[in-house]
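Here are a few friendly notes to read alongside the structure. Please keep the model open while you go through them.

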Amino acid sequence: MLRYLPFLLIIALTIYAFIDCLNTPEEEVKHLPKVAWVMIILLFSIVGPAVWLAAGRKRAPAGGGRPRRTQWVAPDDNPDFLRSLGEEQERRNGGRDRDKDRDKDADPGKE
């Protein structure tokens, strides 16, 4: 069983590199067109996947740096989230608060 391990590792490396190449956007592929990289990976079983992983695409730096900031920092700054909270509370109350406000407007002396 152990004698099959190198072949299984080569197949796993080839499959991983092939899928990684297919999932990489065209603008992130370096040095050659994507189709050429796919052919190299499939034709050269050990060297092709190794070269793809080493030099085939733009990689993020190891430290990662600061993550990019998204449009909203926290949920309480997101108006869509706040609106959904208001709608959810209104559904839970079944419109009870709205009925109280309507009664106050109709009879200002009643509170």
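The points below cover confidence, helix packing and an aromatic pair.

1. Confidence first. This is a predicted model, and the protein chain averages a pLDDT of 78, with 68% of the residues at 70 or above. Among the elements of the chain, helix α1 has the highest mean pLDDT, 92, while helix α5 (residues 96–106) has the lowest, 58.

2. Start with helix α1 (residues 5–23) and helix α2 (residues 34–43), whose axes come within 10 Å and cross at roughly 175 degrees. Because angles over 145 degrees count as roughly antiparallel, α1 is described as roughly antiparallel to α2. On the α1 side the contact is made by T14, A17, F18, C21 and L22, which meet K34, W37, V38, I41 and L42 of α2. Sorted by class, this contact has 8 nonpolar residues, 1 polar and 1 charged.

3. Next, look at α1 against helix α3 (residues 47–56). Their axes come within 9 Å, at a crossing angle of roughly 45 degrees, and that makes α1 oblique to α3. The crossing of α1 past α3 is left-handed. Here L13, T14, Y16, A17, D20 and C21 of α1 meet P49, W52 and L53 of α3. The classes in this contact are 7 nonpolar, 1 polar and 1 charged.

4. How do α2 and α3 meet each other? Their axes come within 7 Å and cross at roughly 140 degrees, which makes α2 oblique to α3. From α2, the contact uses W37, I40 and I41; from α3, it uses G48, P49, V51, W52, A55 and G56. By class there are 7 nonpolar and 2 polar residues, and no charged ones.

5. Finally, the aromatic rings. The structure holds 1 aromatic pair. Why is the pair of W37 and W52 called edge-to-face? The ring centres of W37 and W52 are 5.4 Å apart and their planes lie at 65 degrees, so the pair is edge-to-face; the cut-off for that label is over 60 degrees. W37 lies in helix α2 and W52 in helix α3, so the pair ties together parts that are 15 residues apart in sequence.

Technical notes
Residues numbered from 1 in each chain as written. Predicted model: local features only at pLDDT ≥ 70, side-chain atom pairs only at ≥ 80, totals over all residues. Heavy atoms only, no water. Axes fitted to C-alpha atoms, helices over the stretch in contact; angles between N-to-C directions. Helix = DSSP H or I, 4+ residues; strand = E, 2+ residues; numbered from the N terminus. Parallel < 35°, antiparallel > 145°, perpendicular 65-115°, else oblique. Contact = heavy atoms within 4.5 Å. Nonpolar A, V, L, I, M, F, W, Y, C, P; charged D, E, K, R; others polar. pLDDT = per-residue confidence, 0-100. Left-handed = near helix turned anticlockwise from the far one by under 90°. Phe/Tyr/Trp six-rings, centres within 6.5 Å; stacked < 30°, edge-to-face > 60°.
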